[in-house]
Amino acid sequence: MDRSTHAMLAVTWFGLIGLMLVFYVVTDGFDLGVGILSLLRKRREDHDVMIQTIGHVWDANETWLVVLGGALFGAFPAAYAALLQDLYLPVMLLIAGLIMRGAAIEFRHSVSHGPIWDKVFGIGSLVAAISQGVILGKVITGLTPGPMNNAFVTVSAIGVVAGYSLLGSTYLLKKTVGNIEQWSRRLALLSASITVAAAVVLTAATWFISAVGHDRWTQPGVFHGLIALGSVSALAFAYLIGSLYLGSVRGPFRASVVLFVVSFAGLAISLFPNFVPGKVGIFESASDTSTLVFMLIGIGLIFPVMIGYNLYQYYIFRGKVVGGAHAGE
Amino acid sequence: MHLSDVLDLSRIQFAMTAIFHIMWPILTISLSAFLVLIEVLWLRTGNVGYYRHARFWSKLLVLNFAVGVVSGIPMEFQFGTNWAEFSRYSGQFFGNILGFEGAMAFMLEAGFIGVMLLGWGRVSRAVHLFATSMVALGSSISAFWIMVANSWMQTPAGVTVEGGKIVVTDYAAAIFNPDMVWGVTHMWVAAIETGMFVIAGISAWNLFKRRNPEFFARSFKIALLVLVFAAPVQIWLGDSSGGSVFDKQPAKGAAIEGHWITNRPGAAASWSLLAWPDQKAQRNDWSIEIPGMLSILATHTLHGEVKGLTDFAPADQPPMLPLLYYAFRVMAGIGFAFMLLAFWTAYVVRKTRGSVERLLEQRKLLLAWVLCIPLPYVAVEAGWIVREVGRQPWVVYGLLRTQDAVSTVAASSVTLSIGMFLCFYVVLLITFFVLAHNWLRTGPDLTLNPPAPFKTQPPAVVTKS
């Protein structure tokens, strides 16, 4: 009884942390994407508009990472310790990227050095996305080095950068008008193709190369679940392409979000019951029942409230951004 | 590569990131609370001057908040990257509390700061006040949970150790651990004092320069009024917090007072006003002592026993004794100076019946307030040095030694990250001061009028003013 209660709580927390990860990846994903894309625009006025679309939400989006980190630390201390210790350099690189862009988004209002900070903002966003791709790739390959795994990590980094660009461009075409909207529509198509190509390569690599991955995927139930998710993502991709051609405003972003949610559901199914395949299991690394229950009361109850006021913030700043004055003034 | 290298490097990195980070949240806490007060005054009096104050000071808050956010991210992840054994050992409670901080406090701040800063004219005045209040509440709740986590490291309670890690047996005891009430209140009032000294100091500078005297006299007086109460309360809290240290962490207490030999029963312990503690010789090289005073300070009784450092094996004594000894004196000295300055200025303002003209004539007094701007930061850093260095050699007092808490990582990686943080901090600090200087030079916009309160829906399109 006690054992199964603990297992149930551990699975619940694995699910909650997965949900936080999806919130983080989708929300910070689009604003990191906007940052990456800003590197491709030269005009300061374009930067103003692009950054204004995320000015009010980037901070809360990034906070999902902090919430996720705290939840992982409390619910699975051993996993938190093992992951961060083993991923020291990519985590530091991620922090570097986040510092650069977070500082730049406020400091860009500097009269004399504004354009330099715009560059820092873009590079910081790119660095953060690359390091997240590296972390993802390293986790899936069980934190073991090797030429095959390094190639996997590289593709994963490309996939994350392209995926965030997809979220960023579909968000931009929803929030802007004119030139930037048209340009975002074209870029969305390009980044969608790269994202899906990377996802296909990673899936094939897991199937053919990773013993742990292949084992997990051939387990009863898992295979069918993944086929279902694969079909949903194929539909989402088709919808994305269609809505881009038809000039839909909200459709492409929604389709991209579905693609991300499905990918992360697939990831969660593939990793379960581990954080790192063959290394860090969720049941061994979970805190005791008392902590898991106490955290569930403290965080689980507040979770809907957090989502509520985040949505409220999006609602307040709904609609398209027009005009070119400096955001935030 | 020796483990001790990684240990020392990780300690250097943690100290550096913590010393840098704490400067920003203390101003966020107090400045956001001040803005709540200003907005309430505006809504109650309808005086547009308060609205202009809100717009003026919130620009400083934005700059400060941004550096606070980006410098806070490394703090949370460092526990895992550099202190993996500590995380494994105490995550069940410590990580849990950090999770609470993120979910209950940090998200609240982040979720409403957008509305607070960019929402003028898009939401009603009442909703705006609500958003500002949530930012202030979030930053104070954040301080609460962080101090719960830190005080638990000072005086761990409510847990047992099983299989090389702690298990929480009593949440109430762990959260309300002996140091918690003092830790939370002392830190929170320190944050309030910091903000009020920054507001009063910047206002005093403008008064000194005779720029917008009516405007800045108002913020000066509000900050002064808060300080007249906060400064003495802080001294009382500091004294009580000190009493708790002598009771629960006697080695730390003895170290910050350079007290080596336990006083005999019936005899009072002497207090050194100044001294130079010598850890090698296990005594003070020299000292200026007030006989019998330490028993009174530490135990509030005439002959109370105060344990001396020689009662503890050298391996259990805190390191860097002169640093501890003088950091404590710097903090306490600044605390007393603040109270005297606040009282004296309040007396002057009262004597002149609050006349702005007469206040402008107090040149030296105004200059004293300007020069005080860095002091609350010095006091807070000194206080944290006393708190954290004084806890050594333990990371969780009496349970886990710092040397057993460190990660297994390459020393070169830690060197690299230290270099990275150092570069960032230099750039962040310089840029902050340049932008803050521009803000100060531009001054408040006294032509600004509040957006008309709307009856219907807010505009659906972001338009630029």
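1. Let me start at the end of a helix in chain B: helix 10 of chain B is followed by B:Arg353, which has a positive phi near 50 degrees. This helix covers residues 321–351, and its 31 residues reach 45 Å from the first C-alpha to the last, close to the 45 Å expected at 1.5 Å a residue. The expected span here is 1.5 Å times one less than the number of residues. Helices (H or I, at least four residues) and strands (E, at least two) are DSSP runs, numbered from the N terminus.

2. A word on the ground rules: this is a predicted model, in which local features need pLDDT of at least 70 and side-chain atom pairs count only at pLDDT 80 or more, while totals for chains, interfaces and linings use all residues. Residues are numbered from 1 along each chain as its sequence is written, and chains are lettered from A and ligands numbered from 1 in the order in which they are written.

3. Buried means 20 or more other C-beta atoms within 10 Å of the residue's own, exposed means 12 or fewer, and partly exposed lies in between, with C-beta atoms placed from the backbone. After this helix comes A:Gly142, whose phi is positive, near 70 degrees.

4. Helix 11 of chain A (residues 251–271) also agrees with expectation: 21 residues should span 30 Å, and the end C-alpha atoms are 30 Å apart. Its buried residues include A:Pro252, A:Phe253, A:Phe260 and A:Gly266. The buried residues of helix 11 of chain A pack against several elements of chain A, among them helix 1 (2–38), helix 7 (147–175) and strand 1 (274–276).

5. Helix 1 and helix 3 (residues 58–75) of chain A have axes that come within 8 Å and cross at roughly 155 degrees. That makes the two helices roughly antiparallel, and the crossing is left-handed. Axes are lines fitted to C-alpha atoms, for helices over the stretch in contact, and angles run from 0 to 180 degrees between N-to-C directions. Angles under 35 degrees count as roughly parallel, over 145 as roughly antiparallel, 65 to 115 as roughly perpendicular and the rest as oblique. A crossing is left-handed if the near helix is turned anticlockwise from the far one by less than a right angle, and right-handed if clockwise.

6. Helix 3 of chain A also packs with helix 2 (residues 48–81) of chain B, at about 20 degrees with axes 10 Å apart. These two helices are therefore roughly parallel, and their crossing is left-handed. Among the residues that meet are A:Phe73 in helix 3 of chain A and B:Phe77 in helix 2 of chain B.

7. Overall, 57 residues of chain A are in contact with 58 residues of chain B, where contact means C-beta atoms, placed from the backbone, within 7 Å. Helix 5 of chain A gives the largest share of chain A's side, 12 residues.

8. Finally, A:Asp2 lies in helix 1 of chain A and is exposed, with 7 other C-beta atoms within 10 Å. A:Asp2 and A:Thr289 are 287 residues apart in sequence, with 8.5 Å between their C-alpha atoms.

Terms used
Two residues are in contact if their C-beta atoms, placed from the backbone, lie within 7 Å.
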